[in-house]
Amino acid sequence: MSDRICLLRGVNVGGVKVPMAELKAIAVEVGFANPRTLLASGNLVVETDAEPADVEARLERGIAAHFGRPIDVIVRTPKQWAALMAANPFTDEAGIDGSKLLVMVMKAGIKDGAVEALRGVAAGDERVEPVGGDLFFWHPDGLGRSKMAEKAQPRLIGIGTGRNWNTVQKLAVMVGLED
């Protein structure tokens with residue numbers, strides 16, 4: 001078996017509480033081995049040979065049954081995660097401050113016109129780049145006051161979930177990609 005990186009969208013923010021112990025129990029219930037979490041923000045790694053789409057569907061069903069509400073799950077293999085990391089268009093910026101580099105991992109690609117709309121509201125040195133169906137954001141002044149970050153919602157960009165570069169790297173370590 002190999003690892004799968006599972007990212008839950010919008011949990012433990014805005015009133016949607018998903019305790020990580022319960023998430024791990026759900027992963028076992030739907031047939032995955034060795035569930036591990038990172039932080040309390042919906043980062044789960046499981047062992048399985050199932051395809052990412054199957055992992056997404058099984059976790060989404062289990063989560064909905066347990067919590068009584070749907071939560072989107074986006075799954076990547078270690079190989080896909082390594083490709084995402086290698087494609088980072090902001091490597092210099094990542095070295096400056098990984099907390100200000102955000103990767104929006106998309107469930108089914110980026111909506112047409114989204115990148116242009118986001119660039120239209122970027123302030124100062126903020127930037128966004130589409131890469132391989134995901135979005136990379138550089139927010140040198142942080143996310144808190146960014147109009148671009150505020151506009152990066154599903155109705156504009158599609159279903160995705162953001163992780164800062166520090167978290168991306170920690171997930172890589174969890175699946176044996178980095179030391």
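Colleague: What is the strand order in the open sheet?

Modeller: In this predicted model, four strands form an open sheet in the order S2-S3-S1-S4, and their pairing is antiparallel.

Colleague: Which strands stand at the edges?

Modeller: Strand S2 (33–38) and strand S4 (73–76). Each has a single partner strand, so one side of each is left without a neighbour in the sheet.

Colleague: And how much are neighbouring strands turned against each other?

Modeller: By 25° on average, with direction ignored.

Colleague: Back to S2. How many bridges join S2 to S3?

Modeller: Four, and S2 and strand S3 (residues 43–48) run antiparallel. In that pair, Arg36 stands opposite Val45 in S3.

Colleague: Which strands does helix H2 touch?

Modeller: Helix H2 (residues 52–67) packs on the sheet and touches strand S1 (2–8), S3 and S4. The direction of H2 makes about 150° with that of S4.

Colleague: New topic: H3 and H8. At what angle do their axes cross?

Modeller: Roughly 145°. The axes of helix H3 (residues 78–86) and helix H8 (residues 165–174) come within 11 Å.

Colleague: Left-handed or right-handed?

Modeller: The crossing of H3 past H8 is left-handed.

Colleague: Which residues meet there?

Modeller: From H3, Trp81, Leu84 and Met85; from H8, Trp165, Val168, Gln169, Leu171 and Ala172.

Conventions: Residues numbered from 1 in each chain as written. Predicted model: local features only at pLDDT ≥ 70, side-chain atom pairs only at ≥ 80, totals over all residues. Heavy atoms only, no water. Axes fitted to C-alpha atoms, helices over the stretch in contact; angles between N-to-C directions. Helix = DSSP H or I, 4+ residues; strand = E, 2+ residues; numbered from the N terminus. Left-handed = near helix turned anticlockwise from the far one by under 90°. Contact = heavy atoms within 4.5 Å. Pairing = 2+ DSSP bridges.
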